4 protein chains.
Amino acid sequence: MKYGVLGMGIMGTPMAENLLKEGNEVVVWNRTREKCERPASLGAQVAARPADVIRECDICFTMVSDPQASHDVCFSEGGVLESICPGKSYIDVSTITPEMAQQIAAAIAERGGRFLEAPVSGSKKPAEDGNLVFLCGGDRSLFEEALPALEIMGKKSFYLGEAGRGAQMKLVINMIMGTMMAAFAEGLSLGDKAGLDQQDIIEVLAQGAIANPMFSLKGPLMADGKFQVAFPLKHMQKDMRLAQLLADEFAQGVSAAAVANNYYIKAKGKGYGDEDFSAVYKAVIDD
Amino acid sequence: MKYGVLGMGIMGTPMAENLLKEGNEVVVWNRTREKCERPASLGAQVAARPADVIRECDICFTMVSDPQASHDVCFSEGGVLESICPGKSYIDVSTITPEMAQQIAAAIAERGGRFLEAPVSGSKKPAEDGNLVFLCGGDRSLFEEALPALEIMGKKSFYLGEAGRGAQMKLVINMIMGTMMAAFAEGLSLGDKAGLDQQDIIEVLAQGAIANPMFSLKGPLMADGKFQVAFPLKHMQKDMRLAQLLADEFAQGVSAAAVANNYYIKAKGKGYGDEDFSAVYKAVIDD
Amino acid sequence: MKYGVLGMGIMGTPMAENLLKEGNEVVVWNRTREKCERPASLGAQVAARPADVIRECDICFTMVSDPQASHDVCFSEGGVLESICPGKSYIDVSTITPEMAQQIAAAIAERGGRFLEAPVSGSKKPAEDGNLVFLCGGDRSLFEEALPALEIMGKKSFYLGEAGRGAQMKLVINMIMGTMMAAFAEGLSLGDKAGLDQQDIIEVLAQGAIANPMFSLKGPLMADGKFQVAFPLKHMQKDMRLAQLLADEFAQGVSAAAVANNYYIKAKGKGYGDEDFSAVYKAVIDD
Amino acid sequence: MKYGVLGMGIMGTPMAENLLKEGNEVVVWNRTREKCERPASLGAQVAARPADVIRECDICFTMVSDPQASHDVCFSEGGVLESICPGKSYIDVSTITPEMAQQIAAAIAERGGRFLEAPVSGSKKPAEDGNLVFLCGGDRSLFEEALPALEIMGKKSFYLGEAGRGAQMKLVINMIMGTMMAAFAEGLSLGDKAGLDQQDIIEVLAQGAIANPMFSLKGPLMADGKFQVAFPLKHMQKDMRLAQLLADEFAQGVSAAAVANNYYIKAKGKGYGDEDFSAVYKAVIDD
């Protein structure tokens, strides 16, 4: 099995390297070629255009930074669609909307290829450690064939149904996460105003039924006023907005998430959009 | 060191038994005497009135079911106040309001005794396993002296400051928990309506940064429509109400918690008050 | 018919004067006697204690500043209860809780007197102009007998049922008003940020189905940053809190009001409690 | 001055008729020609295509049912763009988004014509009575020239600035209206559960500072469970969604509106989308 990886950014590079380390043949491409040097030094073949990677490989992964980039890699001149055909498989592991997943799926299917969306849960560190989680929607046989590669790059992969399901799952998960962070911020703020020590609150939480890595890792930083970006606040706000629109589409009231979303909107308005999403705390404590 | 335990209910009984098992002398009391038989068979001495337990022991713990019972054990005829005096110590591990903790603290101090409020995080099983968490406020020297006993009955004890701090901490923790459960319910409901498998949602959550025991344990039961009571919904709603009043007192807006509280109010109105607090899901999914 | 009026404050004084102007005999009392001078100069008789007013009159009205004052006027030494008896009637037009209305009602009934709570809608100007609205709960026959006096002091009187109904109605009305003001503030803030002229928003609102005196009167002041107190923000916040507790008691979710309440809480925390309740705008615009 | 009116629906027909009644020359067009018969019988000239109306008239108004129809009237073959040119003016009084208003404005300007968006506040009855309110954005000189016609069809016209301002104003107004209706529904529901008479609540509201036509007209119908459509709930929900997205764009938190929006979403999910927006009451009372 020969793999392609499109996009040599913070996430795509370690993913390609992990595939290489396990002895796989890997072809890489990036919009700016210099980012391909490091994987090339580890044995990767470098291609000039996404369409070339598709031609060379059995299964090609894409990991780019936003939906527009996903769209371009697939639909632009020299893109995936130019060479995709029966026997070729394409997996987009970037974060895209359910609608775009369906649009790409349809275009690939029309040309006889197979498609899987597989947005990841996890960022830089899990990508390096091969600890990503893949949320897959699309062609089930491709999911099964790609599993060995997914298991090198990640710790767990879910097959969730048709194309779009991965994106939906990611929105649902991030909606819960965004509301939880707002709840955590409200609790820390209230505790602080009432005179409790925030470190105590974090430690008590760590002993109980709602103990979780996010509270343990972000809590002490938040109490310290440190909001170095892991997941940018503006991206969480965007996901909260998209989750609200999904809830609207399926006629499910989500008023707690709606209120949390407005905290993120407020935080964005105060200029914290490029900080970590935990900076919502600054909007809550000022509340 | 001789210990007293007032209240031989679901929680107080295993607490007394754990103290006995470790070789301590223990005096017990219960409003209805028959509940003292089991600890008596394990070596506990039985007293007729709370005041008698105080006289017999160095440190006396109370674990009763509600603030009114806490009040009565202390202030009624034959109660704690009758015999508390310099050299005697009293620790209420029941859940009471900050105001009542302060009221009891003042009454004990006036008679020269020492007082600690120490509400617990944890229910039946942790009580049996000695895995409770104690949230302590009041006399610091008493906290230190009582630590060996607290460490037998629990896995972790926090000294949080003056009397009332334990109760405040419990409200802050439960406010976060109650909002988190509402967020979880919104996510499960939305996922379900959008066509995602709820078991998948629970498993994806278990892989990520917000993985926590509450989601893992309650999630599958909620998806199954099972709401056997561990922590009754009406008690969670009461804590959400008290947390809102605390936020009001300290002028901290907590609008996500406020919306979550109104889900519990709605659930209570639909008759789910005596089910587990996760039954808020039924109010959300119908939303 | 001879009337008593207890409490010669901003509201009670013009109420007594309106009764005098229509040719009624009026006996007044105030905690500090000098405030009785003006009504005395208009022909009012001045009494030394509330109990004396009850003895002298058929129907006695109380208009004091807070529930504690209402309680004291009734239950203290020399208070209403000392002389109330069959044939005597007592009407409290202050704003008190449903519970206190019921408590006073029970105490009066025990002594054979009749009681009506009649909290008013309207402040200084309507009191002077005889344009108050009375929200009455309690003895129906007393309501009917008191109607001529109520019609002098007010423009409209409602009989709403047993004692406590008046207070409940006031909470429901103020809950709607408080949420409406928050909605108005959100609209003005959003319009302003989007680049609309706030004066335009106010004028467009005045042309449509939701045109109302509050928007027309407060809107231009809010746009100007003027928040001279008519109804203090801290009182609105208190009413929002009590309305939430009423909703809790009757298991009705009121999440829009809950979010509005948290805007008032935030505004109070920013130090606007003594300004007009429209100062909630400052908490919203900073949101 | 010769006027055109495109769209002979519930709104467009009386608008054209009012122009005719005042002695103006009017050219009409409708997608299905039979709807032009009535205005023709009153003296209107009938044209075959929108482009023909533009050619015949000085100022052409469009009143169609949705943004797609607005788009088609302008951009389709035989549409407005085909004949618009210097000296010709086009006014779209339908409800469109700020973005579409700007898109149409740009296309018209490119061809040398003048454009005004002028969405209306008011429905069938005000259209018949000439009591509409026009919220105008775009070319100021056109606004002034069109004023005589706008004053025939409406009672008040606002010039709000560039194209898009009219649509923004409409969203702000409807956001306030939608939240107010939710607040009213919460108050009616709570009052009902507490035992107050809903008719009493409505009458008390009518006496106070928040008295408004919407409460007076819709209240008694809501209490009666009657929700005959004037403004469909699904349209209000759409406007609440668009207002939330506007708030997102301008970074203004609107959490009360967000919670209200989720009531409308819930009501839509329960199947009330085609009833009047006051049917949100059914979602609130079940809350």
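Author: Chain A is divided into domain 1 (2-162) and domain 2 (168-285), with bounds from an automatic or database domain assignment. This is a predicted model, in which local features need pLDDT of at least 70, side-chain atom pairs count only at pLDDT 80 or more, and totals for chains, interfaces and linings use all residues. Residues are numbered from 1 along each chain as its sequence is written, while chains are lettered from A and ligands numbered from 1 in the order in which they are written.

The C-alpha centres of domain 1 of chain A and domain 2 of chain A lie 30 Å apart. Eight residues of domain 1 of chain A are in contact with seven residues of domain 2 of chain A; contact requires that the C-beta atoms of two residues, placed from the backbone, lie within 7 Å. On the domain 1 side of chain A, the residues touching domain 2 of chain A are four nonpolar, four polar and no charged (nonpolar: Ala, Val, Leu, Ile, Met, Phe, Trp, Tyr, Cys and Pro; charged: Asp, Glu, Lys and Arg; polar: the others, Gly among them).

Between chains, 52 residues of chain A are in contact with 52 residues of chain B. Among the elements of chain A that each supply at least two residues to this side are strand E8 (132-138), strand E9 (154-159) and helix H9 (165-194). Helices (H or I, at least four residues) and strands (E, at least two) are DSSP runs, numbered from the N terminus. H9(A) gives the largest share of the side of chain A that touches chain B, 20 residues. By class, that side of chain A has 33 nonpolar, 12 polar and seven charged residues.
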